[in-house]
Amino acid sequence: MRSNAAAKLESITLKSVDFALLLIVLVLVFFGLIMVFSASYYYSISQSDNPFSYLIRDGIWVVVGLAAMTFGMLFDYHMYCKRNFAIGALIVCFLLLILVITPVGTEINGASRWIFIGPITIMPGELAKLGLIFFIAWFYGTKPQRADSLITGLLPVFLVMALFAGLIFKQPNLSTAITVCGIVVAMQLVAGMHWGYIAFLGALGGTALGGLLTFAHDSYWVARMTSFLDPFADAAGDGYQVVQSLLALGSGGLFGVGIGKSVQKSLYLPEPQNDFILAIIGEELGFIGVLALLLMYCLFIWRGAKIAINAPDQFGLLLASGVVLMVAIQVVLNVAVVTSSMPPTGINLPFVSYGGNALIMFMFAAGLLLNISRQIPKYREEEIETIK
């Protein structure tokens, strides 16, 4: 039998889970399940004569995601703070990013972002985000002084970031490449990188982007990149999806047309259950519905930031920060894409959009935050004992 002290410690750690964060995640996930069903209804019928096909698949992924979140919550996050795991995860992600742009990858609508292994679909770009978070949390978490050194601490991570972003950009997937860069740079700032390096990176990135636009002006991704500036100029071509998205948002008004009553999901907006699900939410639930959803994300970010600030160690701080930054950056980019504020490249809405890889990854990442929150009281008790 376990000792009373061990049982008491387990009780304390289980009770100390951030239930507010857990509730926020569950609300987002089950709201997403409802909206995926609503958004995919007619598209699902056109694809399989079954209006419930996307709902069933999304429901299965929600169950798997709940298992992943439970795993992330219950097993000590320090098991990821090991050199072999961090570097191994990075290498696996790198190899998958190489494979997806070879014949092994599957090209759909001009982009190669998927690897199909029987019934299993792998999206290396999604896995790369989490792999980089683990690597950076280990790299700076085990030796915080690395953030002060340009040559031995910052430059190696910049090179890894550029390599990963370049491979993702090659798919092409601009939004995910931007997300990866945003996560890396923001985590470095959390680790202690000087703000002056941001100006250097900005100038370098601007120069590279200008060169690419100049010398590859007729390529597929450049056309996609510039179409958002005036989507109505080519409303039947590159601007079609964004135009339909804007029409959906405009039709929703303040309170929306009502759940399940969207017009744009009736085969006007392509695959509305995916990256543009926010447009359907705006049409059916209106500005108030979108605002409420964004408020839930703000609450998630607030709780996640609180966990990061109170994390027991530097690794926990960086791991929690990486997860929060990943969600925050992706929400901002998805809203920007749906409202034609940036190029319409694939970026899903965390916890809400249809897609197994992203949903399972985000729920596992949320489990990591909950895991860190469990250990904060134990850490504070140890601090008090040390002071005594």
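## Basis and overall content

Helices (DSSP runs of H or I, at least four residues) and strands (runs of E, at least two) are numbered here from the N terminus. The model is predicted, so local features require pLDDT of at least 70 and side-chain atom pairs count only at pLDDT 80 or more, whereas totals for chains, interfaces and linings use all residues. Residues are numbered from 1 along each chain as its sequence is written, and side-chain values use heavy atoms, with hydrogens and water left out.

The secondary structure of the protein comprises 13 helices and three strands. Of its 388 residues, 49% are buried, that is, under 20% relative accessible area with a 1.4 Å probe and protein chains only. Contact denotes heavy atoms within 4.5 Å. Among contacts between residues at least 6 apart in sequence, 74% join residues at least 24 apart.

## Packing of H4 and H5

Helix H4 (residues 83-100) packs on helix H5 (residues 124-142) at an angle of about 155°, and their axes are 9 Å apart. Axes are lines fitted to C-alpha atoms over the stretch in contact, and angles run from 0 to 180 degrees between N-to-C directions. H4 and H5 are therefore roughly antiparallel to each other (an angle over 145 degrees).

On the H4 side, the residues in contact are Arg 83, Phe 85, Ala 86, Ile 87, Leu 90, Cys 93, Leu 96, Leu 97 and Val 100. Their partners in H5 include Pro 124, Leu 127, Leu 132, Phe 134, Phe 135 and Trp 138. By class, the contact of H4 with H5 has 15 nonpolar, two polar and one charged residues; Ala, Val, Leu, Ile, Met, Phe, Trp, Tyr, Cys and Pro count as nonpolar, Asp, Glu, Lys and Arg as charged, and the others, Gly among them, as polar.

## Packing of H11 and H12

Helix H11 (residues 277-309) and helix H12 (residues 314-338) pack with their axes 10 Å apart, at an angle of about 160°. This angle makes H11 roughly antiparallel to H12.

The H11 residues that meet H12 include Leu 278, Leu 294, Tyr 297, Phe 300, Ile 301, Gly 304 and Ile 309. In H12, the partners include Leu 317, Ser 321, Val 324, Val 327, Val 331, Asn 334 and Val 338. The contact of H11 with H12 has 17 nonpolar, three polar and no charged residues.

Asp 58 is placed in helix H3 (residues 53-74). At 2% relative accessibility, Asp 58 counts as buried. Not counting residues up to four places away in sequence, Asp 58 touches Gly 32, Leu 33, Val 36, Tyr 354, Gly 355 and Leu 359. Asp 58 and Val 36 are separated by 22 residues in sequence, and their C-alpha atoms are 7.7 Å apart.

Gln 188 belongs to helix H7 (residues 174-191). With a relative accessible area of 0%, Gln 188 is buried. Apart from neighbours within four places in sequence, Gln 188 is in contact with Tyr 140, Leu 154, Val 157, Phe 158 and Met 193.

## Buried Lys 265

Lys 265 lies in the loop between helix H10 (240-252) and H11. At 3% relative accessibility, Lys 265 counts as buried. A polar atom of its side chain lies 3.1 Å from the backbone oxygen of Gly 260.

Leaving aside neighbours within four places in sequence, Lys 265 is in contact with Ser 38, Ala 39, Tyr 42, Gly 260, Pro 272, Ile 280 and Glu 284.

How values were computed
Angles under 35 degrees count as roughly parallel, over 145 as roughly antiparallel, 65 to 115 as roughly perpendicular and the rest as oblique. Buried means under 20% relative accessible area, exposed over 50%, partly exposed in between (1.4 Å probe, protein chains only). A polar contact is a pair of N or O atoms within 3.5 Å; within protein, one must be able to donate a hydrogen and the other to accept it, and residues adjacent in sequence count only if both atoms are side-chain atoms.
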